[in-house]
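Please look through the sequence and the model below, and keep both in view while reading.

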Amino acid sequence: MNRQAVSIAKRLCEAASPHSFHDWEDKDGYYVATCHVSKDDVSDLINIASKWLDPDWPRQDLGLGVDVHDVEMLPVTAWRTLADLKSSESVEPLIGMLGALDDELDDWASEELPHVFAKIGEPAMDAVVRLANDTDKSDYIRSIAAEALHRIAEYHPDLRDDAVGNLAELMDKVAVTDYLLKSILL
């Protein structure tokens, strides 16, 4: 069966479950190869990643023949796959997703999305800087963006000076009482 004949959700189910695959950020290309995806799949991947915000996901049996817990985690697999694809088109939708989580702590988003933005690299830099400096957002959301800047500097030596410079500027602007954000910046 060719790639087009198999749904994107089914192809994502071919990857290791996020529950058991913890060092994914060190495995460049794993999701692209395992899930048989390309840039042609980006819009479908963004759509699946956005399901993370849907409290009813998955609301029906997707007919994938896999454990429901794995299906619930498809949005995580989708954003990891977007990172592997270095999808610049996914940056703004993922930033928007973080904005929707503003009042809600989410361990998966806070731990994974900094790596996603970092793997995407330069196309994510401006959006991450903008989010980190957005004082209308909670310190929680801003700390995710600051962590993404740290990771960008780590993953992309050519962007290190820009990322560190942006972090230093942010440090100068952050109030002493913004403990969560300060802890990320230190």
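Leaving aside its neighbours within four places in sequence, K119 is in contact with W24, E25, K27, D28, A83, D84, K86, Y155 and H156, where contact means heavy atoms within 4.5 Å. K119 lies in helix α7, and K119 is buried, with a relative accessible area of 3%; buried means under 20% relative accessible area, exposed over 50%, and partly exposed in between, with a 1.4 Å probe and protein chains only. Helices (H or I, at least four residues) are DSSP runs numbered from the N terminus. The model is predicted, so local features need pLDDT of at least 70 and side-chain atom pairs count only at pLDDT 80 or more, while totals for chains, interfaces and linings use all residues. Residues are numbered from 1 along each chain as its sequence is written, and side-chain values use heavy atoms, with hydrogens and water left out.

I152 and G121 are 31 residues apart in sequence, yet their C-alpha atoms are 6.1 Å apart in space. Apart from neighbours within four places in sequence, the contacts of I152 are F117, A118, G121, M125, L159 and A163.

Which aromatic rings pair? A search of the whole structure finds four aromatic pairs. The rings of W52 and W79 have their centres 5.4 Å apart and their planes at 70°, so this pair is edge-to-face; rings of Phe, Tyr and Trp (its six-membered ring) pair if their centres lie within 6.5 Å, and planes under 30 degrees apart count as stacked, over 60 as edge-to-face and the rest as tilted. Because W52 lies in the loop between α3 (42-49) and α4 (68-72) and W79 in helix α5 (residues 74-84), the pair ties together parts that are 27 residues apart in sequence. Both W52 and W79 are buried. Ring pairs also link F21, Y30 and Y31 into a cluster.

Finally, consider the largest pocket, which is lined by P18, H22, W24, E25, R80, D107, W108, E111, E112 and H115. A pocket is an open set of points on a 1 Å grid over the protein atoms alone, where a 1.4 Å probe fits, with protein on both sides within 12 Å along at least five of seven lines, and lining residues have an atom within 4 Å of a point. Helix α7 (residues 107-120) gives the largest share of this lining, five residues.

How values were computed
Helices (H or I, at least four residues) and strands (E, at least two) are DSSP runs, numbered from the N terminus.
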